[in-house]
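Opening the notebook on this one. I want to go through a helix, a loop residue and the ligand site in turn.

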Amino acid sequence: MKKATIFIHAGTEPDPSTGAIMTPIYQTSTYVQEAPGVNKGYEYARSQNPTRFALEAAFAAIENGKYGLAFSSGVAATDAVIKLLAPGDEVIAGSDMYGGTYRLFTKIFEKFGIVFKYVNMQHAQTIQEAISPNTKLIWTETPTNPLMNITDIAAVAAIAKANNILLCVDNTFASPYLQNPLDLGADIVMHSATKYLGGHSDVIQGCLVMNDTNLRDQLYFIQKSSGAVPGPQDCFLVLRGIKTLHVRMQRHCENGAKIAQYLRANPKVAKVYWPGFEDHPNHDIARKQMSGFGGMISFELKNDSADETRRVLSSTKIFALAESLGGVESLINHPATMTHASIPREERIKNGLSDHLIRLSVGIEDADDLMADLSQAIGE
Ligand SMILES: *Cc1c(COP(=O)(O)O)cnc(C)c1O
């Protein structure tokens with residue numbers, strides 16, 4: 001089956017008790033049992049909930065995986081993956097990634113003895129060189145938030161396999177419509193479902209998808225033991241979001257391409273970060289592993305003063321100044337003070353994330369209206 005069909009039918013069987021075509025919101029904490037240990041497979045809602053199970057089946061289907069697990073946020077999903085490890089274990093992570101992931105690694109898990117090494121993931125060789133006998137996990141994001149760098153998933157998966165290391169890919173920016181890391185050899189795919197999967201800026205949620213049964217059992221054990229599960233209402237919203245993911249992504253890609261080209265042609269703009277440009281340093285890999293380039297774009301102004309950056313960020317009328325991304329409405333964001341403020345300035349600048357970088361999440365409004373909005377804010 002093709003993606004459009006999979007996304008609409010993913011995880012949803014008519015409700016067995018009524019035939020309801022939409023999965024009901026099972027708003028319950030517990031289930032009545034016939035006798036101790038005799039039940040319908042449902043005991044307590046932290047461990048089992050039918051709405052969540054439907055969503056988890058959908059996550060698996062849209063990522064071409066066997067198993068899906070839902071979490072109460074993207075960072076809770078990341079947290080579960082790191083809890084597979086033990087003190088002394090090492091993780092190789094990208095030097096350019098979502099600020100909240102960096103904060104979780106450095107401020108929470110380092111003190112439990114997990115060791116993190118940050119490398120530039122654009123060169124598979126750099127990863128190879130960072131491997132030690134204690135390396136247990138490679139964590140990569142592609143495209144990266146916010147610099148739109150690309151990791152060659154198949155190349156890194158080959159290195160991970162050869163060294164018996166798990167590879168987890170944060171696929172939030174691409175969405176399963178544009179990229180499927182498990183097909184390229186990754187062991188685990190992670191999403192902030194808050195973004196494109198939910199798609200309507202109305203829910204916080206995360207997910208993991210994997211093929212290995214043993215890995216699924218370990219992560220399910222962590223999910224129920226640590227307890228960061230989403231409620232059934234939130235699961236319903238994401239199930240509903242997934243049904244339109246393919247049509248939304250098509251428009252995000254079309255609008256993203258138009259805005260990237262518009263920005264590049266604007267004399268007030270110094271640099272545009274978008275993997276769809278042929279001269280993007282990893283364009284060939286992006287083309288190979290993604291079926292489109294999505295709606296995320298970053299750029300810098302020629303006048304890179306703090307005042308001018310601030311003025312532009314406060315001047316758009318359709319693009320709303322807000323953290324987050326992947327919703328139907330367009331957003332503008334200042335990574336240095338917003339989404340990536342938790343990364344120390346020195347570290348940020350070293351990795352290429354300047355104080356004047358502006359990030360756009362291009363929504364699915366009319367592209368001409370979006371370009372007109374940027375024109376009136378930036379000038380030409
Ligand atoms: C937002 C985001 C996260 C964290 O997800 P939450 O749902 O906000 O917890 C992780 N990775 C990336 C790339 C993100 O954009």
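Which residue caps the N-terminal end of α14? I found D366 there, with a side-chain oxygen 2.9 Å from the backbone nitrogen of D368. Before going on, I note that this is a predicted model, where local features need pLDDT of at least 70, side-chain atom pairs count only at pLDDT 80 or more, and totals for chains, interfaces and linings use all residues. Residues are numbered from 1 along each chain as its sequence is written, and side-chain values use heavy atoms, with hydrogens and water left out.

**Helix α14**

(Expected span is 1.5 Å times one less than the number of residues; helices are DSSP runs of H or I, at least four residues, and strands are E runs of at least two, numbered from the N terminus.) Buried residues in α14 include L370, M371, L374 and I378; buried means under 20% relative accessible area, with a 1.4 Å probe and protein chains only. Their cover includes α10, β8, β9, α12 and β12. After the helix comes G379, with a positive phi near 85°.

**T339**

I found T339 in the loop between β11 and α13. Is T339 buried or exposed? T339 has a relative accessible area of 8%, so I put it down as buried. Its side chain makes polar contacts with the side chains of N333, at 3.0 Å, and H340, at 2.9 Å. (A polar contact is a pair of N or O atoms within 3.5 Å; within protein, one must be able to donate a hydrogen and the other to accept it, and residues adjacent in sequence count only if both atoms are side-chain atoms.)

K195 sits in the loop between β6 and β7. UniProt, in an unreviewed entry, lists K195 as a modified residue, N6-(pyridoxal phosphate)lysine; such annotations may be inferred rather than shown by experiment. I get 11% relative accessibility for K195, so it counts as buried. Leaving out residues up to four places away in sequence, K195 touches T172, S324, L325 and G326, where contact means heavy atoms within 4.5 Å.

How many residues surround the ligand? I count 14, and the closest are G74, D170, S192, T194 and K195. A side-chain N or O atom of K195 is 2.8 Å from a ligand oxygen. The ligand alone exposes 380 Å², and the protein buries 93% of that (Shrake-Rupley method, 1.4 Å probe).

Terms used: Buried < 20%, exposed > 50% of the residue type's maximum accessible area, 1.4 Å probe, protein only. Near = heavy atom within 4 Å.
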